[in-house]
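Hi,

Here is the structure I promised to pass on.

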Amino acid sequence: MATLGAPTKKHKVTIIGSGNWGSTIAKIVAENTKEHPELFQEEVQMWVYEEDVMVPKDSKHYDSSKGESPQKLTSIINTYHENVKYLPNIALPKNIVANPSVVDAAKGSSILVFNLPHQFIGRISKQLEGNILPYARGISCIKGVNVTESEISLFSEWIGEGLGIYCGALSGANIANEIAQEKWCETTIAYDPPPIDSRVATPTGPSPSASRVNLTITPADEEHRDVLGRISKTKLKALPSEYPPLDHATFKTLFYRPYFHVRMVSDVAGVSLGGALKNIVALAAGFVDGRGWGDNAKAAVMRVGLLEMVKFGKEFFGQTVHTGTFTEESCGVADLITSCSGGRNFRCAKMAVERGVSVDEVEAKELNGQKLQGTSTAKEVNSFLKARGLEAEYPLFTAVLDILEGRNTVDDIPALLARADDD
Ligand SMILES: NC(=O)C1=CN([C@@H]2O[C@H](COP(=O)(O)OP(=O)(O)OC[C@H]3O[C@@H](n4cnc5c(N)ncnc54)[C@H](O)[C@@H]3O)[C@@H](O)[C@H]2O)C=CC1
Ligand SMILES: O=C(CO)COP(=O)(O)O
């Protein structure tokens with residue numbers, strides 16, 4: 001019999017996304033929900049963008065009697081417990097349930113893990129509005145930034161604001177295929193929810209709308225104002241006491257594996273920006289490597305890139321960003337190193353230079369539906385900088401877009417970076 005005050009409910013976890021990293025994170029989470037029944041429901045829902053997929057001929061699940069007929073990806077995952085398209089040859093735990101409806105997958109979930117290419121999150125988030133538990137909490141594994149003409153925000157912030165929940169961020173030196181094979185690595189999770197406003201504490205059960213509530217701004221709110229003057233209007237709804245708390249310990253339990261070590265921090269902006277901006281630098285590393293300039297040139301663009309990442313964080317996200325997040329955590333310098341060694345942005349940029357074709361062409365030809373984030377992030381960050389007349393202050397970020405769009409070539413990189421040194 002449960003003791004008075006002890007949690008009686010367990011967290012249901014939904015993974016929103018099922019690509020290369022989405023499927024890997026689902027594997028990690030499902031292993032942990034099974035191992036920790038005191039905290040979590042065993043079954044993990046995974047939203048899958050439905051598509052018709054052929055089981056590859058070299059897959060152990062290929063059935064010659066079915067010939068060339070395509071099957072639904074959700075059906076393949078639920079039958080064979082493998083995502084044959086985005087994470088082939090990796091056995092997924094049987095407690096992962098692939099679901100083509102994001103609303104159904106997220107229904108009743110108190111933990112939502114967002115893990116899909118950043119270009120698709122807008123449409124998915126819209127579908128979730130008003131259809132999630134109002135006291136749910138999110139973790140964004142998305143590496144990218146959300147840019148409009150006038151402002152830039154983190155996907156963790158943007159998801160949180162849009163859905164009326166709090167959302168933290170997970171990012172690190174995490175090439176998915178290595179982790180899926182259970183090769184050891186580290187990650188960083190930032191989770192720092194604002195104070196609960198008791199005026200809007202919500203009882204157990206779904207609410208018809210999880211939309212934002214506008215209340216008077218208090219001194220506690222002011223702590224969450226950033227240098228652009230933005231302030232979160234989301235008043236966090238209290239998690240009902242029937243659940244185990246959603247704190248650093250619970251999130252660490254959800255994500256930690258012997259092969260996936262987790263450090264918990266509070267700097268959500270630093271963690272999110274490291275993951276987004278390193279993708280631009282990885283393209284530059286691929287460009288110089290593809291040109292045959294060797295490791296010294298690659299190290300030079302990584303050095304300048306790291307400086308621009310920190311400068312960008314400080315300039316636009318101010319006091320909330322800690323330089324140490326970039327220089328000491330997995331989500332910073334470690335992710336920069338791994339991404340510039342074996343990441344998809346690096347590899348595609350390198351191949352593009354070697355073959356004399358565009359990075360987009362290499363992406364379409366080589367990645368079998370996986371998506372690069374660096375090309376769109378380079379464009380988005382540049383449009384934000386250009387609108388403020390700040391392109392020259394970020395010479396590497398600017399050079400990457402200019403090379404992608406044909407205004408400069410890889411051969412121009414040394415001069416473009418030297419000009420910045422003279423300023
Ligand atoms: N793959 C990796 O090694 C790592 C990726 N990341 C980040 O994780 C995030 C997700 O990346 P991946 O899982 O690797 O994705 P991915 O690169 O494998 O992308 C393919 C995914 O996009 C989905 N998709 C395609 N068209 C769609 C549409 N119109 N609407 C919605 N979804 C659509 C596909 O169904 C598939 O799930 C990205 O921000 C990435 O930067 C972070 C760490 C490692
Ligand atoms: O983020 C990553 C490794 O940490 C993966 O980077 P790519 O998207 O360039 O493969």
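Below is what turned up, going from the domains to the ligands and then to the helix packing.

First, the housekeeping. This is a predicted model, so local features need pLDDT of at least 70 and side-chain atom pairs count only at pLDDT 80 or more, while totals for chains, interfaces and linings use all residues. Residues are numbered from 1 along each chain as its sequence is written, with chains lettered from A and ligands numbered from 1 in the order in which they are written.

**Domains**

The chain splits into domain 1 (11-266) and domain 2 (276-422), with bounds that come from an automatic or database domain assignment. Where they touch, domain 1 puts in 25 residues and domain 2 puts in 28 residues; contact here means C-beta atoms, placed from the backbone, within 7 Å. On the domain 1 side, strand 8 (145-147), strand 11 (185-190) and strand 12 (260-265) supply at least two residues each, and strand 11 gives the most, with 3 residues. Helices (H or I, at least four residues) and strands (E, at least two) are DSSP runs, numbered from the N terminus. That side of domain 1 has 10 nonpolar, 9 polar and 6 charged residues. For the classes, Ala, Val, Leu, Ile, Met, Phe, Trp, Tyr, Cys and Pro count as nonpolar, Asp, Glu, Lys and Arg as charged, and the others, Gly among them, as polar.

**Ligands**

Ligand 1 has 24 residues around it, and Gly-19, Trp-21, Lys-143, Ala-176 and Gln-370 come nearest. A residue is near a molecule if its C-beta atom, placed from the backbone, lies within 6 Å of it. Both domain 1 and domain 2 give this shell at least three residues. Helix 1 (residues 20-35) is the top contributor, with 3 residues, and the classes come to 10 nonpolar, 12 polar and 2 charged.

Ligand 2 is surrounded by 13 residues, the closest being Asn-174, Ser-339, Gly-343, Arg-344 and Asn-345. Both domains give residues to the shell around ligand 2, so this ligand lies between them. Helix 9, helix 12 and helix 13 (344-355) each provide at least two residues of the shell, with the largest share, 3 residues, coming from helix 12. Its make-up is 3 nonpolar, 7 polar and 3 charged residues.

**Helix packing**

Helix 9 (residues 268-290) packs on helix 12 (residues 330-342) at about 30 degrees, with the axes 9 Å apart. Helix 9 is therefore roughly parallel to helix 12. (Axes are lines fitted to C-alpha atoms, for helices over the stretch in contact, and angles run from 0 to 180 degrees between N-to-C directions.

Ile-280, Val-281, Leu-283, Ala-284 and Phe-287 of helix 9 make the contact with Leu-396, Phe-397, Val-400 and Ile-403 of helix 16. The tally is 9 nonpolar, no polar and no charged residues.

Finally, helix 15 (residues 374-387) and helix 16 pack at about 120 degrees, axes 9 Å apart, and are therefore oblique to each other. Their crossing is left-handed. The residues involved include Ala-378 and Val-381 of helix 15, and Phe-397 and Val-400 of helix 16. This contact has 6 nonpolar, 3 polar and 1 charged residues.

Cheers

Methods:
Parallel < 35°, antiparallel > 145°, perpendicular 65-115°, else oblique. Contact = placed C-beta atoms within 7 Å. Left-handed = near helix turned anticlockwise from the far one by under 90°.
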